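Here's a model to look over with charged pairs and nonpolar packing in mind.

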Amino acid sequence: MDIIAALEPWVPHLLLLSLSLTAFLVLCLPIRYTPPKDRKVRVVVLVLGDIGRSPRMQYHALSIARKGGLVDLVGYNDTLPRPELLANPSVQIRALKAPPKILDTSTPLKFVLFAPFKAAYQLFSLLYMLLYTIPPTTEFLLLQNPPAIPTLVVAKIVSLLRGQKVVVDWHNFGYSILQMKLKQHPIVWVTKLYEIIFGRGAYANFTVTHSMNHHLRESWGIKTRTHTLYDRPPVHFQPFTASERASFLHSHPTTAPFADKILSGRTKLLLSSTSWTPDEDFSIFLSALLEYDRRTGAENFLHPNSVPDVLAVITGKGPLREAYLSRLADLEFQAVAIKSVWLEAEDYPKMIACADLGVSLHTSSSGMDLPMKVVDLFGVGVPVAAVRFACVGELVKEHENGVTFETADDLAGTLVRLFNPRKTKELETLKAGAMKETLERWDDNWDKIAAPVFGL
């Protein structure tokens, strides 16, 4: 009784505080989805990464805008996106602020120490953007997975608070990429459980392969509609005519010194686009080029100029790039030249269109995604030699549009065989198969599979 009597004078104040706090929380609640008066579909396309280095999500944004929708493209604005994206009035890029550099998670130790803080930073920055910055007329949230943390839980929160429909575009599995860094660490299995739990319940899902589609439905128990949306090249990836090829080879500083030999067939242009990550074993490519150089040197010693030289152009950025370039500096070649370049968006399709053969080193951490670089090469009609893994056959048809290999010796033998000037039929057959792939384009595939999901 004494306590109640003592608190009695404070009751009005406590009641006022409680009501004020309740009112504050209510006012802080985001506005739920409100259908727009113009009835235009509005979609948030979320990339928790560099927008400019996320081609599939850029293509999603362009496709939505092309079909009459409005797009808020959310992500890090480190690399310049495609020019047609920047010029499109229906697409608004909303840049996220990158986490502080102190939260770097590039090594296993740094990951264990800083990953929770980095995830928390990203969680709050995403929630602020999606709950309070994005207009309430936004009906759909299309997000890329991976990364799964924290995007999947953010999507769940946004869906509950704003009533938006979540569509997950499964490029791979976040836990499988983490497993490459942390091996069998318990964090990997916690991440997998998180991905399974929060990956369920989306309005719809896209996957990059049938294998992944089947896995989500049968192994993870995802019941909502799930569509296989293969990567296909957009219209700006086109084969070159002979004159266009000659013009670009002579004009670009990387290829200009070799242009005449490439055009005459005395040098073959080999191209590999890599993200310089652990799921692409670049040492296989290096070892294969060393073996090709050895075999070519021996053959040309006995029969001068009987086997062509190789110019290997390697494009892309990534964490392992400097380590491999340092290793390259210590190697000596006679018949092989290697150039590592970063190509701007408008030059990349042109460079790969000049190649005689592309090489894909992608192995897939899950075994269920496909290398988009191969799609790019097929878009310009260039055949591919790709590392063999579980579902690569969904894209690379053996001896039709490309070949597969497992070891450096396999790849070296493939290069010697395909570049043999006395036996050109196999490479010509692969080239014809790759040219057939140019007929299947992103827009047609997207309109058939993805557009109905968004009501477009």
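What follows covers the salt bridges and then the nonpolar cores.

## Ground rules

This is a predicted model, so to speak of local features pLDDT has to be at least 70, side-chain atom pairs count only at pLDDT 80 or more, and totals for chains, interfaces and linings use all residues. Residues are numbered from 1 along each chain as its sequence is written, and side-chain values use heavy atoms, with hydrogens and water left out.

## Salt bridges

Side chains of opposite charge can pair when their charged atoms come close. Here a salt bridge means a side-chain nitrogen of Lys or Arg within 4 Å of a carboxyl oxygen of Asp or Glu. Searching the whole structure turns up 16 salt bridges.

Take R42 and D72: their closest N and O atoms sit 2.7 Å apart. R42 belongs to strand β1 (residues 42-50) and D72 to strand β2 (residues 70-76), so the pair ties together parts that are 30 residues apart in sequence. Helices (H or I, at least four residues) and strands (E, at least two) are DSSP runs, numbered from the N terminus. Both R42 and D72 are buried, meaning under 20% relative accessible area, with exposed being over 50% and partly exposed in between (1.4 Å probe, protein chains only).

## Two other pairs

R66 and D447 also form a salt bridge, with the closest N and O atoms 2.8 Å apart. This pair links distant parts of the chain, 381 residues apart: R66 is in helix α3 (residues 55-66) and D447 in helix α18 (residues 442-449). R66 is partly exposed at 38% relative accessible area, and D447 is partly exposed too, at 26%.

Then there's E218 with R217, where the closest N and O atoms are 3.8 Å apart. E218 is exposed at 53%, while R217 is partly exposed at 34%. As for shared partners, salt bridges join R42, D72 and R94 into one network.

## Nonpolar cores

A nonpolar core is a set of buried Ala, Val, Leu, Ile, Met, Phe, Trp, Tyr and Cys residues joined through side-chain atoms within 4.5 Å. Which residues touch the most other members of the largest one? Of its 63 residues, that's L73 and F454. Helix α3 gives the largest share of this core, six residues.

Setting aside residues up to four places away in sequence, F454 touches V41, V43, F140, L142, V167, F206 and W446, contact being heavy atoms within 4.5 Å.
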